[in-house]
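Visitor: I would like to go through this structure with you, one topic at a time. Shall we look at it together?
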Amino acid sequence: MNACVRAAVRTGLNNGLQISGIWRGYEGMIDGDFMDMNSRSVSNIIQRGGTILKSARSKVFKTPEGRQKAFDQLQKRGIDALVAIGGDGTFTGATVFQEEFNVPIVGVPGTIDNDLYGTDFTLGFDTAVSNVVDAIDKIRDTAASHDRVFFIEVMGRDTGFIGLAAGIAGGAEAILLPETPTDIQRLADELAKGAKKGKTSSIVIVAEGDDGGGAFEVAKGIRGLLPDYDTRVSVLGHTQRGGTPTWNDRVLGTRLGTGAVNALLAGHSGTMVGLIGNQLTSIPLKAAIDQKKELNLRMAEHLECLIL
Ligand code: F6P
């Protein structure tokens, strides 16, 4: 996200615009928490995780009174267009706000979940997947040395983009996703089959939204069916969301940040910039929220990796 903020600020300044940073998203907009941004305000941030502008899930912005306050603050400050970085919640708020007050807004897809339609990748996804793969590689050392089955729970809310990509890249034996029905008996059978073929350890990725009830539940089910197996659970949690962004995320953030400001300058409003097939694209914010991006399960075909 910092790469995106940096690019948006510098593209704006280089086009003769005045740029304000809004702290804590919609929450800061309501409180009038703004800061003039110059080129130096965004120095030395491209390599940092998180966001220098901070982020908040705003309940007040969901109310008409909250949005009115936010609009008044924008007017007071002379802000006449917005770049909104975020996911579903951010774009839902942006759509309503734009309809109510006619403020031009261009969205940038920013979520580790990669679940927004209209872009191949969202900001943070690549970094999150890299973090998970790094964790799998490390956990595999213990799994292999101790002949264990590890159940690793990853984020993604109700989608399996992180689980699928990280599972493939980490060479997982099975990946449990929200998009497919989980069958514990089948998982147990496959693990047992693997053991018969000489496999002494296994990695099972469990996406947090999977219908198996999470990694602990799945592990319990397997222990019931395969009591002799030595199993362990690791929930990666927020380690996935932090740390040095990958070069891919930095380039994506830069392109989307620049693209968003250029889109506003070209008169766009209520749209989201995205990257499809390495080309900058633009779709209505509503489409980004309403349409469903499909997970490509065929990526895992013929890998001897069970998808459930
Ligand atoms: O939407 C991004 C995400 O990281 C999800 O993958 C996860 O379920 C959620 O946010 C965690 O949110 P919080 O940090 O508020 O617990």
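Visitor: In which sense do strand E4 and E9 pair, and over how many bridges?

Guide: A caution to begin with: this is a predicted model. Strand E4 (residues 105-109) and E9 pair in the parallel sense, over two bridges.

Visitor: Which residue in E9 is the bridge partner of Gly-107?

Guide: The bridge partner of Gly-107 is Met-272.

Visitor: And is strand E9 enclosed or open to the outside?

Guide: Strand E9 covers residues 271-276, and five of its six residues are buried, so the strand is largely enclosed by the rest of the structure.

Visitor: How does E9 pair with strand E10?

Guide: E9 pairs with strand E10 (residues 279-284) in the antiparallel sense, over six bridges. Within this pairing, Ile-276 stands opposite Gln-279 of E10. The two strands form a hairpin with two residues between them. Gly-277, in the turn, has a positive phi of about 55°.

Visitor: Changing topic: what is the order of the strands in the five-stranded open sheet?

Guide: The order is E8-E5-E7-E6-E11, with parallel pairing. Strand E8 (231-235) and strand E11 (306-307) stand at the edges; each has a single partner strand, so one side of each is left without a neighbour in the sheet.

Visitor: How many bridges join E6 to E7?

Guide: Three bridges join strand E6 (residues 174-176) to strand E7 (residues 202-207), and the two run parallel. Leu-176 has Val-206 in E7 as its bridge partner.

Visitor: Now the ligand. Which residues surround it?

Guide: The ligand is surrounded by Arg-57, Thr-111, Ile-112, Asp-113, Met-155, Gly-156, Arg-157, Glu-208, His-238 and Arg-241.

Visitor: What are the distances from ligand oxygen atoms to N or O atoms in the side chains of Arg-57, Asp-113 and Glu-208?

Guide: For the side chain of Arg-57, an oxygen atom of the ligand is 2.9 Å from an N or O atom. The corresponding distance is 2.6 Å for Asp-113 and 2.5 Å for Glu-208.

Visitor: And how much of the ligand's accessible area does the protein cover?

Guide: The ligand on its own has 400 Å² of accessible area, of which the protein covers 73%.

Conventions: Residues are numbered from 1 along each chain as its sequence is written. This is a predicted model: local features need pLDDT of at least 70, side-chain atom pairs count only at pLDDT 80 or more; totals for chains, interfaces and linings use all residues. Side-chain values use heavy atoms; hydrogens and water are left out. A residue is near a molecule or strand if one of its heavy atoms lies within 4 Å of it. A polar contact is a pair of N or O atoms within 3.5 Å; within protein, one must be able to donate a hydrogen and the other to accept it, and residues adjacent in sequence count only if both atoms are side-chain atoms. Accessible areas come from the Shrake-Rupley method with a 1.4 Å probe; for residues, only the protein chains shown count as cover. Buried means under 20% relative accessible area, exposed over 50%, partly exposed in between (1.4 Å probe, protein chains only). Helices (H or I, at least four residues) and strands (E, at least two) are DSSP runs, numbered from the N terminus. Two strands pair if DSSP finds at least two bridges between them.
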